[in-house]
Amino acid sequence: MDRTFCIAPMMRRTDRHFRYLCGLLSKETILFTEMIHANAINRCDPERFLNNSNISNATVLQVGGSCPEELKKATLIANSYNYSEINLNLGCPSSKVQSGNFGAVLMKDVNLVKNCLSEMIKVSSKEVSVKIRLGVDDSNINEGLDYFIEELSQIGVNTFYVHARIALLKGLDPKENRTIPPLNYERVFKIKKDFKRLNIIVNGGIEDFKIAKDEFQKLDGIMVGRAAYDLPFKLLDVDRIFFNSTEGNKTMLSVIDEMFEYIDSLNFKDEIKTKFHMLNLFKGLNNAKKSRLLLLSSEKNDKIKCELKNILLASENQAA
Ligand SMILES: Cc1cc2nc3c(=O)[nH]c(=O)nc-3n(C[C@H](O)[C@H](O)[C@H](O)COP(=O)(O)O)c2cc1C
């Protein structure tokens, strides 16, 4: 799997509808689900959480949990869905997640992490990867992190998505934990230098894709979170920038047509969610506010689509 450009897992954002939109904007981007707790997959209707049938991009299922048996069971269920990889979340610092003893807090217990991953690897028909931080609280981000990575690689984990900062579990909420402390890309470069055989994908603070292509060329890929959600139209450039691809020459106009075709196939609840994910598509254009109001309105979809396309055409004419 070519992990050159990945969109980070984001709760309440990277659901299957946002992934569908991303897939229209870039064919080569690797998509991630939101984190789904193993128990949600095991106990409830798995189809509700795992349905990825409309997505043709390679997609990584991210799971959360710390019980090896539960993770094994969830992995077995996930085998029959069209995911390319299954990823264990070892980076989420939220207090809710901490109290469930999963996410970033697990980086403090390498043996438990190994037990979890071993069970997943044993039954998974796809590669099992991890998303980590550089450390947690006052953990040693030098030898300590190297030891953690070495131990995981010994049991067959070959791919590490690294959010390039430590997680501070006390006193900061998850939002603050995405800006504090400062990013440490140098440490990620060092991981790649010391573990050449492993796939190392850097995450955190990447906004300009062209700059990132050059800056991180020694790594195996970049993972973008907020910049992809907040400015999704930028994804239209990904296949050209990273893969020299001009195939298809997608335009925003054709994306709007395809999104409304997709919306017509959805029930009302999913239609609302999908339109919500489209709110940022017009950011920065004249009439961006009008486009948002249209997407939130109860107008007929044909009318919304037509007016959105007029907004795009008007801004293209103005730019010409
Ligand atoms: C709204 C939101 C939800 C997130 N949910 C998850 C998640 O479910 N799993 C995960 O590993 N990281 C999650 N993250 C962290 C992102 O995957 C990423 O590591 C972080 O935003 C830093 O990357 P960025 O600077 O490109 O946004 C979330 C981030 C945001 C903004």
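**View 1. Ile7 and its bridge partner in strand 8.** The bridge partner of Ile7 in strand 8 is Val224. This is a predicted model: local features need pLDDT of at least 70 and side-chain atom pairs count only at pLDDT 80 or more, while totals for chains, interfaces and linings use all residues. Residues are numbered from 1 along each chain as its sequence is written. Strand 1 and strand 8 pair in the parallel sense, over 3 bridges. Two strands pair if DSSP finds at least two bridges between them. Strands (E, at least two residues) and helices (H or I, at least four) are DSSP runs, numbered from the N terminus.

**View 2. Strand 8 and its two faces.** Strand 8 spans residues 221-224, and both its faces are covered. Gly221 and Met223 are buried on one side. Ile222 and Val224 are buried on the other. A residue is buried if 20 or more other C-beta atoms lie within 10 Å of its own, exposed if 12 or fewer, and partly exposed in between; C-beta atoms are placed from the backbone. Strand 7 runs parallel to strand 8, joined to it by 3 bridges. Here Val202 stands opposite Ile222.

View 3. Strand 6 (residues 159-163) runs parallel to strand 7 (residues 199-203), and 5 bridges join them. Phe160 stands opposite Ile200 in strand 7.

**View 4. The shell around the ligand.** Which residues come nearest to the ligand? They are Ala8, Met10, Met35, Gly225 and Arg226, out of 22 residues around the ligand. A residue is near a molecule if its C-beta atom, placed from the backbone, lies within 6 Å of it. Strand 2 and helix 10 each supply at least two residues of the shell.

**View 5. Arg43 in helix 2.** Arg43 lies in helix 2 (residues 38-43). Is Arg43 buried or exposed? Arg43 is exposed, because 12 other C-beta atoms lie within 10 Å. Arg43 and Ala74 are 31 residues apart in sequence, and 9.4 Å apart C-alpha to C-alpha.

**View 6. Ile263 in helix 12.** Helix 12 (residues 252-263) holds Ile263. Ile263 is partly exposed, because 19 other C-beta atoms lie within 10 Å. Not counting residues up to four places away in sequence, Ile263 touches Glu271, Thr274 and Asn301. Two residues are in contact if their C-beta atoms, placed from the backbone, lie within 7 Å. The C-alpha atoms of Ile263 and Lys273 are separated by 9.9 Å.

View 7. The chain is divided into domain 1 (5-243) and domain 2 (252-319), with bounds from an automatic or database domain assignment. The contact takes 12 residues from domain 1 and 13 residues from domain 2. On the domain 1 side, helix 1 (16-25) and helix 10 (226-230) each supply at least two residues. Helix 1 gives the largest share of that side, 6 residues.
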